[in-house]
Amino acid sequence: MMWLSGGFIFRRGDSFYHRLDPRAKLLNSVLMFVTTLLARSIFEMVLVIVFMVGLSAAATVLKRVARTMAFTALFSGFIFVVNVLFTRDLETSVLYAIRFIAIVVSTSIFFITTSPDELEQVMKMFRLPRDVVFAFVTAVRFIPVMMLDTIQIMDAQKSRGLELEKGNLIRRVRNMIPILIPLVVNSVVRSGELAEAMEARAYGAVPRPTSLLVYRARRADVGVVCAAVALFAIAAYSFYFVVPVRFP
Amino acid sequence: MADILKVEGLSFRYPDSPKNAVSDFELSIPEGEIVVLAGPSGCGKSTLLRTVNGLIPHMYGGEYSGDVLVAGSSVKRSSMRDLAQTVGFLFQNPENQIFMFSVERDVAFGLENLGVPREEMRARVDEALRLLRIGDLAQRAPHELSDGQKQRVALAGVLAMRPKLVILDEPTSLLDPKTASELVALVARLRKELGTTFVVVEHRLDLLVGVADRLVVMDGGRKVLEGTPRDVLFRDEAEAHGVAVPAVTKVQKLLAERETGRAAAGRLLTPSGLASAVEGRQA
Amino acid sequence: MIEFRDVSFAHQSGVRALDGVSLRVEAGEFVALVGENGAGKTTLVKHVTGLLKPASGSVLVDGVDTREASTAQLSRKVGVAFQNPDHQLFSETVEEEMSFALRNFGFPPELVRDRVSWGLELFGLGEYRKSSPLILSGGEKKRLTLACILAWDPQVVILDEPTVGQDAIQKEKLAGTIQMLKSAGKTVVVVSHDIEFLWPIQPRVVVMKGGRVVGDGPATAIMQDRDLLGSARVAQPQLVEFYQELHRRPGTPFVHPLDAARWAEEAMRP
């Protein structure tokens, strides 16, 4: 849960990267993602990671990215062990382990610097149905609300003598019931109220709703996209067509 | 002035319910009034409101007879699209009516749904933000707002659609008293500036009687009392119908029963007004 | 019974919710906690049962430091009814709902049965014994959550915004319940915005603002302190305002604010 909220939930920021067109941010993350798949040596992989760390620092999200990397390292440790057992190839195993971290970070950078409003624009660009886009936006919008609900429910039940940490595994799972049922009931009630409020605000009135905000690529966006594509081209060329670059 | 809302012999029963939620209801509201709807919990207020903005019968089915006319057109024959532009609805919990991640996007939500062109939308959003004096919050996310601010944002989203009639369903129940009275003052100001009609469901009458033109009391799905706030609150039955008669009004009523001085005047007195009335009697 | 000693607490976000709060509530007292939203009232309540632990200072409940005891142990002595009943109702029947806490606290089955019957009777919920708590009306749900708490007979009862969404008739019943708890010797703490509800039942009033206690005293004194209430964004009861207006005018005999209404009535008698 911590990992998820730290690594993937948007928080307002004010860096050049936050202000970029969401499409530029998406493209950049996709390119970083692909580059990690192209890297064939640990050295190349480290280069990619160094680039991501630099970018995170420039985007003022280095702390969060570092924490995400630390959490992800637990999983990639597991990937490493499994790989060593099956392939008996230390270098490949290390490569896979780092690649996993790099993949998570490339996606995380996109999500933590892109507001749900911008995500919505990106989804619209892909011509996803309005209902799907709206469901996504609402889900993201209500994450903090549901977290607050959960805390209040837990407080109420603990005040009635519920001890979550008590007993064996089965007992502990059963202890979750008094938390989960009110949470579900509240969500159902909430969605009913949301549906009414949507109707009252003419949701679905016209097949092609308009939008208050438009994203027009500015010079900065074009510049960043060009730089990202150029970097990617160099990386792709050297990582793929040249012999794997190893530590000097 | 023309009636903005006319309820004619309305009865409604939810499916699987043994009795009517609203029975033989009649109501006429002239344009520009502030009307307070009161009554005990479960008296049918919420149902009545939903027949006005069309959630009943367009979203909820049930046994429906009679008619509701908003600005002269029948609700059951109007589309939700048209109704959304004539009747605004502010729900009790502001949290559940803010959809977007920024205030200005949320205020624009209804206009986006109606397909209003961007330039016009921009102007109407800015106007709504200015009316509610929340321009400085335009870029905030919902979880960065206080309860009072959320309620204002939700109301801005409603007003941006330029409704003629706005329904407020217990708008202050989650607010503290000062924030609540600020909201009531806001409603009075909007009525003056825009000429909008407001129908407000509220338990806390002490906040509202000063600005309301009319008080309607419901009980058991029926209209049991109607009149100016003074006339209704001076009736002995008011309390029996679960109406919270403000303390100072109770005193005024006691005094009015004894003599016809200022206390018995045609309007409700504030605490200081009542003190003046008593002082006058002394001299 | 409850003692806050210079308690400070900040939320994860860094917002200072309590700032050097010192407060003593004696056994059998009736206290109202007032202040605008965000003044720190709910944070204070959560400290009493150890749901939150002080960052500095200490909270003692019946002599026990809340850092040394679990929320379950503290709740046995202090029952808290939170604002929203939907945050706790989960059982298949009203009866089960009421038994939940009693079982957690290890009451024997016969006693559970007796206490549940007593509570249902007291709050007029007997007819719903076998119904789902979710079908109850808002007012009934609120009464049920209160019944759930009184069933385990805690020494202290804390009610968080008990009048929200309640009509005049339900509020009157609630006032009656509070009187009953007072006469049974319980310590009662009510967190409420509803000044008009609080005034006739005359609690000791504690005013909070920005995480601090800025006023503390009997209702008659605190409710007359216009400056204090204004600065904490708390409304003044109408009858107190009326009394003060009256009192400022010459020739008005000095009377207790509680008697303002009665006095006015008598003054008008022909």
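How many residues does the contact take from chain C and from chain A? It takes 20 from chain C and 18 from chain A, two residues being in contact if their C-beta atoms, placed from the backbone, lie within 7 Å. The model is predicted: local features need pLDDT of at least 70, side-chain atom pairs count only at pLDDT 80 or more, and totals for chains, interfaces and linings use all residues. Residues are numbered from 1 along each chain as its sequence is written, while chains are lettered from A and ligands numbered from 1 in the order in which they are written.

On the side of chain C that touches chain A, helix H2 (71–77) and helix H3 (94–104) of chain C each supply at least two residues. Helices (H or I, at least four residues) and strands (E, at least two) are DSSP runs, numbered from the N terminus. By class, this side of chain C has 11 nonpolar, seven polar and two charged residues. Ala, Val, Leu, Ile, Met, Phe, Trp, Tyr, Cys and Pro count as nonpolar, Asp, Glu, Lys and Arg as charged, and the others, Gly among them, as polar.

Chain B also meets chain C. Here 31 residues of chain B are in contact with 32 residues of chain C. Helices H7 (177–194), H11 (247–258) and H12 (271–282) of chain B are the elements that give two or more residues to the chain B side. H12(B) gives the most, with eight residues. The chain B side divides into 14 nonpolar, eight polar and nine charged residues.

Two chains are divided into domains, with bounds from an automatic or database domain assignment. Chain A has domain 1 (2–123 + 215–237) and domain 2 (142–200). Their centres, taken over C-alpha atoms, are separated by 34 Å. Chain C has domain 1 (2–91 + 154–234) and domain 2 (237–270). The C-alpha centres of these chain C domains lie 31 Å apart. Six residues of domain 1 of chain C are in contact with seven of domain 2 of chain C. On the domain 1 side, helix H7 (195–201) and helix H8 (219–224) of chain C each supply at least two residues. That side has three nonpolar, two polar and one charged residues.

Within chain B, helix H4 (103–114) packs against helix H6 (147–159) at an angle of about 35 degrees, with axes 7 Å apart. Axes are lines fitted to C-alpha atoms, for helices over the stretch in contact, and angles run from 0 to 180 degrees between N-to-C directions. H4(B) contributes B:Val103, B:Asp106, B:Val107, B:Phe109 and B:Gly110, and H6(B) contributes B:Val153, B:Ala156 and B:Gly157. The contact has five nonpolar, two polar and one charged residues.

A:Arg88 follows H5(A) and has a positive phi, near 55 degrees. A:Thr60 lies in the loop between helix H4 (42–58) and H5 of chain A. Its phi is positive, near 55 degrees. In chain B, the peptide bond from B:Ile56 to B:Pro57 is cis, with omega near 5 degrees. B:Pro57 lies in helix H2 (55–58) of chain B.
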